[in-house]
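Subject: Structure handover

Hello,

Here is the structure I promised to pass on. Please open it next to this email and follow along.

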Amino acid sequence: MIPMGLSFFFLGLGFGLYATSQGFPWWTAPLLACTIFAGSMEFVTIGLLMAGFDPLNTFILTLFVNGRHFFYGLSALQRYVNMGWKWFPTVAWMCDESFAINVSTKLPDDVDEKWFFFHVSWLNYTFWVFSTFIGGLFGDLLATVDLRGIGFVLPGLFIVIFLEMLFNTKSYNIRAFGCVGVVVAVAMLLLVGKSLFMLASMGCMLVICYIAYKWGGVSLD
């Protein structure tokens, strides 16, 4: 979680700095981080707060930006069960990074996976909220720091996790789905653009997986 926290820290600093640069008080960034906890949507929310009140457009925009969480939830249905009181915070604090770590980490037999899921989720939440707090409070002092390129930390992490799962799996079905996912993502990026390709790609992959399960002889295992 240490490299994850560092990447969150620099991105959170950027968000806090962005919020204060648009004229909002220092507490706006951590407040949005606590209540929304969706990095991309929080940046978009700053622009929405500066525009006129438009709930319908806000709903549609939120669906496009963060609709991928529907698919995370579907993928985690069989994992986030029998967790007791830990279930709600673990689900509420789910994000791209928590999902990627929780589904890809191979735990030793003596580690309780439910507690592991919970700790990953609350740590990521804390990293993000704390970093936006620092960015909002000391944003002006950090404005001169060159943070170019730091945004690639998280995409780089996802690439590493994906390749590790692809190369380490013994299932040819998983490798095939991974390769198909790459092709679908590139195709959707070219067809619909970067603002919608995530939702479109996951929708296509959901259809492909359903067809493979229903008629292709691929099991859930």
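First, a term. Helices (H or I, at least four residues) and strands (E, at least two) are DSSP runs, numbered from the N terminus. With that in hand, the elements of the protein read α-α-α-α-α-α-α-α-α-α-α from the N terminus on. That comes to 11 helices and 0 strands.

Two notes on the source. This is a predicted model, so local features need pLDDT of at least 70 and side-chain atom pairs count only at pLDDT 80 or more, while totals for chains, interfaces and linings use all residues. Residues are numbered from 1 along each chain as its sequence is written, and side-chain values use heavy atoms, with hydrogens and water left out.

**Overall shape**

Next, burial. Buried means under 20% relative accessible area, exposed means over 50%, and partly exposed lies in between (1.4 Å probe, protein chains only). Of the 221 residues, 32% are buried.

Contact means heavy atoms within 4.5 Å. Among contacts with a separation of 6 or more, 70% join residues 24 or more positions apart.

**The cores**

A nonpolar core is a set of buried Ala, Val, Leu, Ile, Met, Phe, Trp, Tyr and Cys residues joined through side-chain atoms within 4.5 Å. Which members of the largest core touch the most others? They are Phe8, Phe15, Phe37, Ile46 and Trp128, out of 16 residues. Helices α1 (2-21), α2 (28-35) and α8 (113-142) each supply at least two residues of this core. Another core lies apart from it, with 9 residues, including Phe71, Tyr80, Met83 and Met94.

Look closely at Trp128. Not counting residues up to four places away in sequence, Trp128 touches Phe8, Leu11, Gly12, Phe15, Ala33, Phe37, Gly39 and Glu42.

**Two neighbours in a loop**

Ile36 sits in the loop between α2 and α3 (39-50). Its relative accessibility is 32%, so Ile36 counts as partly exposed. Beyond four places in sequence, Ile36 touches Met41, Glu42 and Thr45.

Is Phe37 buried or exposed? Phe37 is buried, with a relative accessible area of 10%. Its phi is near 50 degrees, a positive value in a residue other than glycine.

Asn82 lies in the loop between α5 (68-75) and α6 (87-92). Its phi is positive, about 55 degrees, although Asn82 is not a glycine. Asn82 is exposed, at 77% relative accessible area.

Thr90 is in helix α6. Thr90 is buried, with a relative accessible area of 0%. Leaving aside neighbours within four places in sequence, Thr90 is in contact with Tyr80, Met83, Phe117, Phe118 and Ser121.

Best wishes
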